[in-house]
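I opened this entry to keep track of what I looked up, and in what order.

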Amino acid sequence: MPVKRLIVSDADSTFFRQEVIELIAEHAGTRDEVAAVTERAMRGELDFAGSLRERVATLAGVPVEALEKVRAAVELMPGARELVAECQARGWAFGLVSGGFEEIAVPIARELGIELVRANRLEVADGVLTGRTVGPVIDRAAKAATLREWAAQAGVPMEQTVAVGDGANDLDMIGAAGVGVAFNAKPLVRAQAPHVIEDRLDNLLALL
């Protein structure tokens with residue numbers, strides 16, 4: 001009987017090559033402004049919830065149909081598909097937890113057979129984004145709580161959990177996991193994570 005594990009990955013700039021909020025911001029003409037705030041938040045210079053509010057506010061008025069184009073533009077990180085396939089072959093649970101958006105992450109995850117997904121939700125009114133999110137913000141504390149919640153649901157002890165991410169928002173779950181991994185990470189995260197991998201997400205398998 002193989003050891004049962006739970007792998008939880010951040011989405012933007014970890015499982016996905018891009019920051020999804022920047023792709024949406026292209027449709028609002030605010031990509032440069034949003035990218036600058038994202039960079040500061042991921043370096044740990046800004047409170048994530050505040051930075052999310054500031055960035056999402058710039059998306060007000062974007063038609064909801066633009067999200068289809070954004071989904072189509074998202075590229076998986078090299079090794080992401082292979083990592084998921086190998087986890088599934090080994091009978092391990094795999095989840096995505098994101099400071100990005102369910103509207104993008106959920107359909108992509110479903111295509112790969114990933115059922116565990118948690119992310120922020122965009123508020124829509126009259127067919128356009130309002131510039132606000134709905135429900136609790138998925139910040140660093142929420143990511144760590146999600147890791148623990150999914151581990152309990154799956155019956156996986158915390159020492160058999162793995163968390164991987166690139167930004168300051170991922171530090172709490174990286175710290176909580178049995179194996180915490182920085183991937184293509186910001187210096188702050190690289191310095192604090194027990195393990196560091198680069199280039200391909202399936203390089204994670206060598207640690208396990």
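**Entry 1: the cavity.** A cavity here is a set of points on a 1 Å grid over the protein atoms alone, where a 1.4 Å probe fits but cannot get out. Grid points are joined across faces, edges and corners, and a volume is the space filled by probe spheres set on the points. I noted that the model is predicted, so local features need pLDDT of at least 70, side-chain atom pairs count only at pLDDT 80 or more, and totals for chains, interfaces and linings use all residues. Residues are numbered from 1 along each chain as its sequence is written, and side-chain values use heavy atoms, with hydrogens and water left out.

The largest cavity holds about 140 Å³ of space. I counted 16 lining residues, and Asp-12, Glu-19, Phe-48, Gly-99 and Gly-100 are the closest to the centre. A lining residue has an atom within 4 Å of a point. Which elements give two or more residues to this lining? They are H3 and S2. S2 gives the largest share, 4 residues. Helices (H or I, at least four residues) and strands (E, at least two) are DSSP runs, numbered from the N terminus.

I then sorted the cavity lining by type: 5 nonpolar, 4 polar and 7 charged. Ala, Val, Leu, Ile, Met, Phe, Trp, Tyr, Cys and Pro count as nonpolar, Asp, Glu, Lys and Arg as charged, and the others, Gly among them, as polar.

**Entry 2: the pocket.** Next I looked at open space. A pocket is an open set of points with protein on both sides within 12 Å along at least five of seven lines. The largest pocket has a volume of about 160 Å³. It has 13 lining residues, and the closest to its centre are Leu-46, Asp-47, Phe-48, Arg-140 and Asn-169. Helix H2 (31-42) and helix H3 (48-57) each give two or more residues to the lining. The pocket lining divides into 8 nonpolar, 2 polar and 3 charged residues.

**Entry 3: the sheet.** I traced the strands next. There are 7 of them in an open sheet, in the order S4-S3-S2-S1-S5-S6-S7, with mixed pairing. Two strands pair if DSSP finds at least two bridges between them. Strand S4 (128-134) and strand S7 (195-197) are the edges, and each pairs on one side only. From one strand to the next, the twist averages 25°. Angles run from 0 to 180 degrees between N-to-C directions, and axes are lines fitted to C-alpha atoms, for helices over the stretch in contact.

Helix H7 (residues 140-154) packs on the sheet. It touches strand S1 (6-9), strand S2 (93-101), strand S3 (116-125) and S5, and its direction makes about 155° with that of S2. Contact means heavy atoms within 4.5 Å.

**Entry 4: strand by strand.** I went through the parallel pairs. S1 and S2 run parallel and are joined by 4 bridges. Leu-6 has Ala-93 as its bridge partner in S2, and Ile-7 stands opposite Phe-94. S1 also pairs with S5 in the parallel sense, over 4 bridges. There, Ile-7 stands opposite Val-162. S5 (residues 161-165) pairs with S6 (residues 179-183), again parallel over 4 bridges, and Ala-163 stands opposite Gly-180.

Where do the side chains of S1 point? Leu-6 and Val-8 point one way, Ile-7 and Ser-9 the other way, and all are buried. Buried means under 20% relative accessible area, exposed over 50%, and partly exposed in between (1.4 Å probe, protein chains only). In a regular strand the side chains alternate between the two faces of the sheet. S2 is mostly covered, with 9 of its 9 residues buried.

**Entry 5: two residues.** I picked Asn-120 in strand S3. S2 and S3 pair in the parallel sense over 4 bridges, and Asn-120 is the bridge partner of Phe-101. Is Asn-120 buried or exposed? Asn-120 counts as buried because its relative accessible area is 1%. Beyond four places in sequence, Asn-120 touches residues including Phe-48, Gly-99, Gly-100 and Thr-133. Asn-120 and Thr-133 are 13 residues apart in sequence and 6.8 Å apart in space, C-alpha to C-alpha.

Then I checked Lys-143, in helix H7. Lys-143 counts as buried because its relative accessibility is 1%. Leaving aside neighbours within four places in sequence, its contacts include Asp-10, Gly-99, Asn-169 and Asp-170.
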